[in-house]
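Try each task before you read its solution.

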Amino acid sequence: MVMKKERRVNVSGKPKHSLDVNRGNGDNKEGRSAATVRRLKMYNTRPKRDRKGKILKHDLQSKELPSTRIQPDRRWFGNTRVVNQKELEFFREELQSRMSSSYNVILKEKKLPMSLLNDHQKQARVHLLDTEPFEDAFGPKIKRKRPKLMAVDYESLVKKADGSQDAFEQKHAGSAHTEGSEGDGLRDLVRHTMFEKGQSKRIWGELYKVVDSSDVIVQVLDARDPQGTRCYHLEKHLKEHCKHKHMILLLNKCDLIPAWATKGWLRVLSKEFPTLAFHASINKSFGKGSLLSVLRQFARLKSDKQAISVGFVGYPNVGKSSVINTLRTKNVCKVAPIPGETKVWQYITLTKRIFLIDCPGVVYQNSDSETDVVLKGVVRVTNLQDASEHIGEVLKRVKKEHLERAYKIKDWDDDNDFLVQLCKLTGKLLKGGEPDLMTVAKMVLHDWQRGRIPFFVPPPRLPEGDSSNEPCTSGLGKDPAVDDDKASAAIKAIANVISSQQTMNVPVQKDLFSAKELEGDNSEHPEPLDS
């Protein structure tokens, strides 16, 4: 039989348990202190619950807050605040008393509900009693002032109205004749809003931001129609109000026209502003070195500044963002073969001394028709309601052999016959075999805007006496903060770069023009311009 061991009893009277507060440490250095014992006992405390599990008492629970549950509120899900009417009235009076002094200013006005604080009903009333007493305004001794009338009687009013009508007609007679609205009594149809793209106040605000922030402005032109994509208004503004800013004309998409046409436009436009030819491509570009050299020389002209800013402006879809990507040799700006891809201006670093600014495309007010606006690439073709009405102008501008080579159509009577044949050739048919003229017309306009259909405006021939190839340097003003020797050297270097580019071999896309067109035909040139 196993004997049970007797439990040892502490007869000395000294506490032995490790959780006993009264136990002394003695010589044992590893013993627990009284604070440690109390903390460990706190961990072992458990709340008292009823049969349902509800907590009745807990030592760690606050006595002041019997329930720690957060009350749900509808204000969690809204961005509104409710104010009492009396508090709002008090705040109105307090604000009015503070704002009556000219030395008090509201710092965070956007964070205040000013529409609530400004009582429109009180402001709309006429406070007559604030200016004159009640007896003079409404009593029997009323003293009302006589109102000021435009005319004493009806006849004088009619006479004055006739005089103002005649003055208005004389003032606006010139603009009415230019619109042609008084010749036959008819008025032009109202344009769709899509044809007014690039003319909004926001876009013009972005343009003037770029102009104000730039030291050098590069106006990017479409080499196929340089005169049609120029902004004479901006050039005039710079000559009159911003004489310290320099302008460069950049003929982009020079690979879409023959080399002789590019060089002809360079000779013509260089008489007015420094002009360079350019082909935007990250891998195979043309004119990149010439443009960088010119920008470095402009940085030398502005040697008093730590860095210069170069703004790129022009029509939509002329390739401003592509030029910047070519200079940086990587895609830093978003590009697309459709107009309106750039929405706001962008700041790009080229070097430590040269910064580039990309600007949205701006359309300048002129007398262009809707077809001209579409063919200049201002409007997205996908947004056109009737694209077939613009095909007739395409057939007039493009030579017949180019259309035959591009679309394999031999002969056609008019633009409708051309679209019908193209529908049958490409299989663009609706139900019942009817031709889908809308889709095919948009295809032709897409090819026009992206340069798949050869077209260009030939340059005007210079007068016989003016055969010099020296570029114009009148726009390159000398900065007074720069030495004359440095300024003259920089201007001479810019002129050498521009003149040397006129002797380079300009790249042209293959299978776009015939050998005869690439060589140039004198019969295609227009008559020389009068100087």
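Start with Glu89 and Arg92: both sit in helix α2 (residues 85-99), three residues apart, or about one turn of the helix. Helices here are DSSP runs of H or I with at least four residues, strands are E runs of at least two, and both are numbered from the N terminus. The model is predicted, so local features need pLDDT of at least 70 and side-chain atom pairs 80 or more, while totals for chains, interfaces and linings use all residues. Residues count from 1 along each chain as its sequence is written, and side-chain values use heavy atoms, without hydrogens and water.

**Exercise 1.** Find how the side chains of Glu89 and Arg92 meet.

*Solution.* Step one: they form a salt bridge, 3.6 Å from N to O (a side-chain nitrogen of Lys or Arg within 4 Å of a carboxyl oxygen of Asp or Glu). Step two: Glu89 is partly exposed at 26% relative accessibility, and Arg92 is buried at 17% (buried is under 20% relative accessible area, exposed over 50%, partly exposed in between, with a 1.4 Å probe and protein chains only).

**Exercise 2.** Work out what stands out about the phi of Asn317.

*Solution.* Step one: most non-glycine residues have a negative phi. Step two: Asn317 isn't a glycine, yet its phi is positive, about 65 degrees.
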